[in-house]
Amino acid sequence: MAIEVLGPRARERVGRLDRIWEERPGLIGWLTTVDHKRIGILYFFTTLAFFAAGGVEALLMRTQLASANAHVLGPSRYDQVMTMHGVTMIFLFVIPMTIGAFGNYLVPLMLGSRDMAFPRLNALSYWLFLGSGCLIYTGLFLNMGPDAGWFDYVPLALKRFDPGLNIDFYALGLIFNGISSIAAATNFIVTIFKLRAPGMSLNRMPLFVFAMLAVSLSLVFALPTLTIDCVFLELQRRLGFHFFDVGHGGSALLWQHLFWFFGHPEVYIIVLPAFGIATSIIPTFAKHRMVAFPLVALAELLVAFIGFGVWAHHMFTTGLPTVTLVFFAAASMMVVIPSTIQIYAWTVTVMMGRPEFKAPLLFIGGFIAFFVIGGLSGIMFAAIPFDQATTDTYFVVAHFHFIIFGAAVFPILGGMYYWFPKVTGRLYHELVAKLSFWLTFAGTALTFFPMHIVGLLGMPRRVYTYQGGLGWGAYNLSETIGAFVLTAGLLLIFGNLLWSRFRGPYAGPDPFFGGTLEWTTTSPPPHYNFAVIPRVTSPYPNWDRADRDEDARRLESGELVLEEGHETPASTVRDGYLDEVLEMPSESWWPITLGLLVTVLFVMLLLGHFVVAGIFGALAVLALGGWHAQEPAEA
Amino acid sequence: MTEHALPRRAPRPRPVAHPNGWWGMAIFLASEAMLFGALLGTYYYLRFKAVHWPPPGTPEPKVVLPLILTAVLVATSVPMQAALRAARAGRLGATRLALALALTAQATYFGLQMHLFLGDLAKFSPGEHAYGSIYFTLLGAHHAHVAVGLLLDVWLLLRLSTGLTRYRFTALWATTFFWHFVNALAVLVVLTQLSPSL
């Protein structure tokens with residue numbers, strides 16, 4: 001729907017939308033924004049910075065482990081760097097990148113909405129995330145970073161063995177981070193339930209959005225147990241409560257149960273958005289709709305659901321009763337079913353279509369390969385004796401890096417290329433993109449595959465160094481070389497994107513002929529996303545040309561253009577019938593104000609100034625009062 | 001234009017789906033349920049590992065007053081629902097009256113519970129034994145939720161003093177939902193708290 005073909009009345013309506021939805025220019029506009037696309041971009045660059053930090057930590061560890069008895073990092077520094085690598089990649093990179101950046105930017109666009117259900121809460125999620133990330137990293141820069149592993153097992157994490165502030169940075173940082181994630185997840189679920197374009201019944205919802213729904217539900221149900229676990233830990237460390245010490249009736253395993261009740265759904269929280277990105281990229285480049293569409297949607301939800309029944313497979317060596325072990329082993333096996341449904345659906349879709357192997361599809365190919373390898377070593381862990389033999393070795397590290405890096409990050413990288421033209425309006429360089437894929441692919445395989453072997457040879461994980469003469473040297477060296485190759489591949493990707501941002505050819509609204517609604521609007525999309533609210537009759541509305549021509553006609557006649565206010569339509573939850581028109585809030589100072597107050601609150605808790613913390617808590621409540629004093633105009 | 005012609009604006013005078021604010025509260029309460037699930041789960045996990053629960057020297061919880069108080073709190077679901085009904089019918093005065101009634105009972109509950117809580121703290125501390133730790137953490141979390149509910153009530157009464165809008169109606173709806181949840185949870189919490197004496 002190019003601007004030049006618009007009639008005079010349509011052009012007038014678009015002009016009015018431009019004026020109503022415009023936000024303030026410059027820095028103030030970014031600080032007060034409630035536009036989901038701008039918040040997505042803020043998330044993108046923030047998580048990218050954390051990704052760089054986590055990557056540097058990985059390189060430091062690999063340099064230390066390149067040879068036996070190396071002295072790049074001492075044991076205390078190594079522990080901090082290792083812990084922060086895990087915490088960063090999980091809480092500060094993958095989750096906020098997929099949900100915060102991709103989800104924020106794309107979900108309203110794919111739903112045909114003009115914003116999220118709670119735009120100011122959306123901004124608040126970002127500011128809280130930024131505050132929590134900075135808080136956790138302050139610890140590392142003060143040489144007081146978390147140092148008991150990302151799983152932070154007690155009793156090692158108790159005051160007696162870890163007397164500094166290290167673990168307090170971890171526990172308070174993750175409680176803080178959890179608030180941001182719960183707010184974001186709630187926002188996504190309500191947006192997905194309520195703000196779909198008219199006609200988008202649940203069975204016509206894009207599979208990417210199904211994945212985001214599954215992730216958000218997992219977050220809502222899984223995160224509270226981590227929060228409670230960290231609250232217990234802080235109460236024990238700060239105020240002398242007894243949850244985890246056996247001498248006073250506590251239990252060290254309680255930490256692990258609560259942690260992994262969160263921690264395993266967390267794995268699917270990390271990898272499900274990747275599934276969603278794969279189901280967006282494959283139909284576009286295979287030029288074929290996803291086969292088994294409803295089965296894939298159900299499989300995405302089922303993975304998230306089964307993820308809640310498998311946590312004890314992280315605890316097979318803790319002395320749980322055999323009956324418990326067998327139950328959790330069986331439940332873990334069940335995850336294979338929905339995963340396999342999806343793998344078949346992806347590969348068969350590619351086979352049925354006329355695939356065009358551009359860079360995004362290559363990354364999805366790499367994703368499927370790594371997911372299968374990591375999945376196969378995952379099934380091996382469901383065999384209890386095998387798990388007990390390989391637990392705490394590099395074999396486990398190999399497995400979960402194939403999943404978390406190979407399966408979760410490859411689609412993120414492919415998705416960056418895929419949606420780059422939509423966000424910037426420019427095309428990336430295809431040849432360099434393909435080269436960057438092969439470099440990243442080779443680097444990933446070289447880094448993580450030898451870890452299987454060195455793990456089976458008996459090398460324990462989480463060690464800061466090892467003795468020579470054990471036959472581990474060559475494998476470790478190749479892992480380190482792989483890590484640098486991988487880094488080169490990642491730098492090539494970001495170099496390509498940076499160069500293309502300024503020099504790439506213009507992309508137009510739909511360079512790849514994608515099927516979902518984000519491709520119907522201009523690149524980059526205007527503040528209001530769609531000049532006319534699209535009407536949806538299939539899961540791939542951009543391939544329904546008659547409907548899109550109808551949109552252009554409706555823009556001329558003014559049907560559901562909503563150019564009289566800051567408005568978006570809401571639909572019924574299941575069938576997607578148009579239900580009402582909502583007045584949406586515009587830019588606001590409250591989210592960043594509240595974010596700042598809560599950040600100070602957590603800093604004061606960390607420093608032990610509980611009274612000052614209480615004052616800032618009260619100020620935050622007052623800020624909420626101010627926030628809600630702004631009501632939308634009555635129709 | 002086959003199944004439903006698209007109108008210029010809203011199709012119906014009153015939407016059929018629940019408002020976003022209600023849905024937001026529903027999802028939030030789902031995560032709150034998990035939070036309390038973790039607390040209650042911890043209570044029983046620690047309890048069934050212990051030989052003596054409560055440990056020797058710690059008094060068993062007194063039963064009568066907490067049960068009566070919980071009954072009073074649960075009963076406030078009625079005036080909350082009445083406030084919501086009155087607001088839906090546009091009767092502002094009745095809304096405020098019912099809300100004030102609920103607030104009075106809830107505040108009384110909160111005050112007496114805090115009295116009991118401090119009394120317990122004088123008898124045994126969370127730093128002595130895991131029993132005290134989970135006892136005070138569980139009750140503290142519950143009381144914190146009641147306190148948040150009280151703040152919501154006060155804020156609603158302040159907002160309603162200048163009239164009823166759709167925004168405030170949604171807020172009342174969500175707050176009512178919050179109280180129903182807290183009240184249902186209060187039953188589980190008090191039964192768990194008193195379980196050593198029951």
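At what angle do the axes of helix α4 (residues 75–111) and helix α6 (residues 166–194) of chain A cross, and how close do they come? I get roughly 20°, with the axes coming within 11 Å. Axes here are lines fitted to C-alpha atoms, for helices over the stretch in contact, and angles run from 0 to 180 degrees between N-to-C directions.

Ground rules before I go on. This is a predicted model, where local features need pLDDT of at least 70, side-chain atom pairs count only at pLDDT 80 or more, and totals for chains, interfaces and linings use all residues. Residues are numbered from 1 along each chain as its sequence is written, and chains are lettered from A and ligands numbered from 1 in the order in which they are written. Helices (H or I, at least four residues) and strands (E, at least two) are DSSP runs, numbered from the N terminus.

**Entry 1: α4(A) on α6(A).** I call α4(A) and α6(A) roughly parallel (angles under 35 degrees; over 145 is roughly antiparallel, 65 to 115 roughly perpendicular, the rest oblique). The crossing of α4(A) and α6(A) is left-handed, meaning that the near helix is turned anticlockwise from the far one by less than a right angle (clockwise would be right-handed). For contacts I use C-beta atoms, placed from the backbone, that lie within 7 Å. On the α4(A) side I noted F91(A), I95(A) and G100(A) among the contact residues, and on the α6(A) side L174(A), N177(A) and F188(A) are among them. The class count for this contact is 10 nonpolar, five polar and no charged residues. Ala, Val, Leu, Ile, Met, Phe, Trp, Tyr, Cys and Pro count as nonpolar, Asp, Glu, Lys and Arg as charged, and the others, Gly among them, as polar.

**Entry 2: α3(B) on α6(B).** In chain B I looked up helix α3 (residues 77–88), which packs on α6(B) at about 165° with the axes 10 Å apart. That makes α3(B) and α6(B) roughly antiparallel, and their crossing is left-handed. From α3(B), residues including M80(B) and L84(B) meet residues of α6(B) that include W173(B) and W179(B).

**Entry 3: chain B against chain A.** The contact takes 38 residues from chain B and 46 from chain A. On the chain B side, α1 (20–49), α5 (130–160) and α6 (166–194) each give two or more residues. The largest share, 15 residues, comes from α1(B). By class, I have 24 nonpolar, 10 polar and four charged residues on that side.

**Entry 4: H85(A).** Is H85(A) buried or exposed? It counts as buried, with 20 C-beta neighbours inside 10 Å (20 or more is buried, 12 or fewer exposed, in between partly exposed). H85(A) sits in α4 of chain A and touches G54(A), E57(A), A58(A) and M61(A), leaving out residues up to four places away in sequence. H85(A) and G54(A) are 31 residues apart in sequence, yet 4.9 Å apart C-alpha to C-alpha.

**Entry 5: G468(A).** I found G468(A) in the loop between α15 (430–456) and α16 (473–503) of chain A. G468(A) is exposed, with 10 other C-beta atoms within 10 Å. G468(A) and A68(A) lie 400 residues apart in sequence and 5.1 Å apart C-alpha to C-alpha.

Definitions and conventions. Contact = placed C-beta atoms within 7 Å.
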